[in-house]
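Reader: I have just opened a structure and would like to learn how to read its features one by one. Could you take me through some of them?

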Amino acid sequence: MDSTATDRFDASRFEASRNRLASLAYRLLGSATDAEDAVQDAFLHWQAADRQRIKVPEAWLTKVVTNLCLDRLRSAQVRRERTVGAWLPEPLLDGDPMLGPAATFEQRESVSLAVLTVMERLSPVERAVYVLREAFSYGHAEIAEILDLTESASQQHLHRARRRITAARRGGEVDAAAARRIVEEFLAAASSGRTERLVALLTDDAIAVSDGAGGTAAKLLRFDTPQRIAAVVRAGLKPTPAKRRLLGGTPAIHYAVVNGAPAILFVLGDRVIGSAIFDIADGRIATVRGIAAPARLARLTEAWRRHEPDAPLIAQW
């Protein structure tokens, strides 16, 4: 095989792993944009390597991507950007290949916005061990090799990560139809001004966080009582001419599934301009995450343009 044919073959081997590597990087970084950058950097490492000496390309690439992500998580700039309380993960529309694998509860949970947010409180190594074990089913011997640590250390990191994530869990998997019904009731109550019904749909310890409608605030906006959440949601969902001028038109509101959770999307033309993603616990809403920063919605918007949505819940907001 000549060198050109060899390069094509090696490039095809990398491409066969691209989606898996991107899924790994997204779970580690919580950002699709950063995940894509990490995978591209891994491709450059792959091109520069003596590939004939790489016996198991999948294992080699997994180690490279994991360590590229760890380097990014450890950087001073990223630590500043991700100060607790000032960062939300990048949401992805149902069906995005970065959300795979999704065969088990642990795999699906590892890509939920709830877990991606909690993982910001873990050390980079704890985060990597958790993702490699829970989402990709690597054994501790394999994880030890990837991260250059001992098997016992891998087990300890996993134990700590599981404990933190379990303690922060605010609900489990919910029947899809039931989740949609709850969110539709929530939207209907907010749109009609029925504040008491909004409060009834929230758990007693419900929280809501928002990036400030895409603003540049240094901290997320946070509301932590059902009454305060209901008031803010009611005010935010009340359409006014000023809001429509600011948005540049009259959006439609669609139901969607985002990172495995029920959500509503504000869509103007073919562009998603806002999102609210919900965690459901015991038949009520435990968490609302509002994300409207354009950079965080870019990939979701691209997926939405290829998507065939149901009729909007509200055609003209």
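This is a predicted model: local features need pLDDT of at least 70, side-chain atom pairs count only at pLDDT 80 or more; totals for chains, interfaces and linings use all residues.

Reader: Which strands pair with β6, and in which sense, parallel or antiparallel?

Author: Strand β1 (residues 202–210) pairs with β6 in the parallel sense over 5 bridges, and within this pairing L202 stands opposite I285. Strand β5 (residues 271–281), by contrast, runs antiparallel to β6 and is joined to it by 7 bridges, with D279 having T287 as its bridge partner in β6. β5 and β6 also form a hairpin with 2 residues between them, and D282 in that turn has a positive phi of about 55°.

Reader: How should I describe two helices that pack against each other, and what are the values for α2 and α3?

Author: Two packed helices are described by the angle between their axes together with the distance between those axes. For helix α2 (residues 32–48) and helix α3 (residues 57–74), the axes come within 9 Å and cross at roughly 130°. The two helices are therefore oblique to each other, and α2 passes α3 in a right-handed crossing. The residues of this contact divide into 10 nonpolar, 1 polar and 4 charged; among them are W46 on the α2 side and W60 on the α3 side.

Reader: What is the angle between α8 and α9, and which residues meet there?

Author: Helix α8 (residues 140–147) and helix α9 (residues 151–168) pack at an angle of about 100°, and their axes are 8 Å apart. That angle makes α8 roughly perpendicular to α9. H140, A141, I143 and A144 in α8 meet E151, S154, Q155 and L158 in α9, and by class this contact has 4 nonpolar, 3 polar and 1 charged residues.

Reader: Why does A168 count as partly exposed?

Author: A168, which has its place in helix α9, counts as partly exposed because its relative accessibility is 26%, and that class lies between the cut-offs of 20% and 50%. Leaving aside residues up to four places away in sequence, A168 touches V118 and R121. The C-alpha atoms of A168 and F186, which are 18 residues apart along the chain, are separated by 24 Å.

Note on methods: Residues are numbered from 1 along each chain as its sequence is written. Side-chain values use heavy atoms; hydrogens and water are left out. Axes are lines fitted to C-alpha atoms, for helices over the stretch in contact, and angles run from 0 to 180 degrees between N-to-C directions. Helices (H or I, at least four residues) and strands (E, at least two) are DSSP runs, numbered from the N terminus. Angles under 35 degrees count as roughly parallel, over 145 as roughly antiparallel, 65 to 115 as roughly perpendicular and the rest as oblique. A crossing is left-handed if the near helix is turned anticlockwise from the far one by less than a right angle, and right-handed if clockwise. Contact means heavy atoms within 4.5 Å. Ala, Val, Leu, Ile, Met, Phe, Trp, Tyr, Cys and Pro count as nonpolar, Asp, Glu, Lys and Arg as charged, and the others, Gly among them, as polar. Two strands pair if DSSP finds at least two bridges between them. Buried means under 20% relative accessible area, exposed over 50%, partly exposed in between (1.4 Å probe, protein chains only).
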